[in-house]
Amino acid sequence: MSLVTSKDMFKKAYEGQYAVGAFNVNNMEIIQGIVDAAKEERAPLILQVSAGARKYAKHIYLMKLVEAAIEDSGLPICLHLDHGEDFEICKSCIDGGFTSVMIDGSKLPFEENIALTRKVVEYAHGRGVVVEAELGRLAGIEDAVNVSTKDATYTDPDQAVEFVERTGVDSLAIAIGTSHGAYKFKGESNLDFDRLATISRLLPAFPLVLHGASTVLPEFVEKCNNYGGQLKGAQGVPEDMLRRAGQLGVCKINIDTDLRLAMTASIREHLSKNPADFDPRQYLKPARAAITGMVKHKIRNVLNCSGRL
Ligand SMILES: O=C(CO)COP(=O)(O)O
Ligand SMILES: O=C[C@H](O)COP(=O)(O)O
Ligand SMILES: [Zn+2]
Ligand SMILES: [Zn+2]
């Protein structure tokens, strides 16, 4: 088994009206925790690396860890660059063995986003790599930059069609009200499903991507806070909304925050209950198991992709 692109995964997901999970990875325990869950569930899997993760762990370490995960698990895995901000980082990941890259030109004017995305698509497709782009802008924390709610813009459906036609991109991240991080809504949660349905209708059989799709499960926030954390007012996207998105052309659902919460809650609990422990394996082992539990929950209850390998 080797690294694969998301092409077949998305085709099957679109036809089956479910979504593939794209989980952010930063270190060995996170990769192992996710892969263990996907293996048990026989689920398709995308592992994604942000620019920040690449800086933290280094490209080669993440590459080798993912290669090891494929060899050890026998699973086909798509390795994806999350939120590539320029041509250079996309090129570096393509040259360095990734099978999928995201060029995120969403903060650029429409024509500049098209030109940049086209340039990446030409380079990637020539090398068998697929490309995700973004149109419309999510609020929240992304690569240490906080996009305020007033700077966020929802995706225009007609522009989405023109964008896909003119760039030749393989999938498109859209903005319909989700946001990055643990604080997505104040009060009532609301996504623009009419907009999603319109985009989906205008782009039949085309895979859409939902970023900022963590559910921020209250029990994990509470556990963090019960053991010394200070996560006040954290709120995510309700699970039923994500299931609905999966039936409206969303083939890839991005999850990072929920993994962070699962891992941190577990570590906080362990160290609080076992103050004499100082061997990292003592708290990283349950933390890794917490990641596995979270990913299995997503695969079964949010993505509906269990057994779809
Ligand atoms: O979109 C994401 C990564 O690109 C992650 O979103 P969350 O912060 O909701 O997990
Ligand atoms: O979209 C953002 C992802 O959650 C990655 O976050 P990061 O840039 O802190 O690694
Ligand atoms: Zn973006
Ligand atoms: Zn994102």
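Residues count from 1 along each chain as its sequence is written, with chains lettered from A and ligands numbered from 1 in the order they are written. Since it's a predicted model, local features need pLDDT of at least 70 and side-chain atom pairs count only at pLDDT 80 or more, while totals for chains, interfaces and linings use all residues.

User: How many helices and strands does the chain have?
Analyst: Both are DSSP runs numbered from the N terminus, with at least four residues (H or I) for a helix and at least two (E) for a strand. On that basis, the chain has 11 strands and 12 helices.

User: In what order do the strands of the barrel close?
Analyst: Strands count as paired if DSSP finds at least two bridges between them. Here 8 strands close up, and the pairing is parallel. Ignoring direction, neighbouring strands of this sheet are turned by 25° against each other on average. The order is E1-E2-E3-E4-E5-E8-E10-E11.

User: What angle does helix H12 make with strand E1?
Analyst: H12 covers residues 280-303 and packs on the sheet, touching E1 (20-24) and E11. Contact here is C-beta atoms, placed from the backbone, within 7 Å. Axes are lines fitted to C-alpha atoms, for helices over the stretch in contact, and angles run from 0 to 180 degrees between N-to-C directions. For H12 and E1 that gives about 145°.

User: Which residue stands opposite Ala 173 in E10?
Analyst: Ala 173 and Ser 171 point one way from E8 (residues 171-174), Leu 172 and Ile 174 the other, and all are buried. Buried takes 20 or more other C-beta atoms within 10 Å of a residue's own, exposed 12 or fewer, and partly exposed is in between, with C-beta atoms placed from the backbone. E8 pairs with E5 (residues 130-135) over 4 parallel bridges and with E10 over 2. Ala 173's opposite number in E10 is Val 209.

User: What is the bridge partner of Leu 210 in E11?
Analyst: E10 (residues 208-210) and E11 (residues 250-255) run parallel and share 3 bridges. In E11, Leu 210's partner is Ile 253.

User: Which residues come nearest to ligand 1?
Analyst: There are 14 residues around the ligand, where near means a C-beta atom, placed from the backbone, within 6 Å. The elements giving two or more residues to this shell are strand E3 (77-84), E11 and helix H11 (257-273). The nearest are His 211, Ser 214, Asn 254, Asp 256 and Thr 257.

User: Is Leu 116 buried or exposed?
Analyst: Leu 116 lies in helix H6 (residues 110-125). Leaving out residues up to four places away in sequence, Leu 116 touches Phe 87, Ile 103, Gly 105 and Leu 108. Because Leu 116 has 21 C-beta neighbours inside 10 Å, it counts as buried.

User: Is Gln 247 buried or partly exposed?
Analyst: Look in the loop between helix H10 (239-246) and E11 for Gln 247. With 13 other C-beta atoms within 10 Å, Gln 247 is partly exposed.

User: What is the radius of gyration of the chain?
Analyst: It's taken over C-alpha atoms, and the globule rule is 2.2 Å times the number of residues to the power 0.38. For 309 residues, a compact globule would come out near 19 Å, and the chain agrees with that. Its C-alpha trace spans about 60 × 45 × 35 Å along the principal axes. The chain's own radius of gyration is 18 Å.

Note on methods
Two residues are in contact if their C-beta atoms, placed from the backbone, lie within 7 Å.
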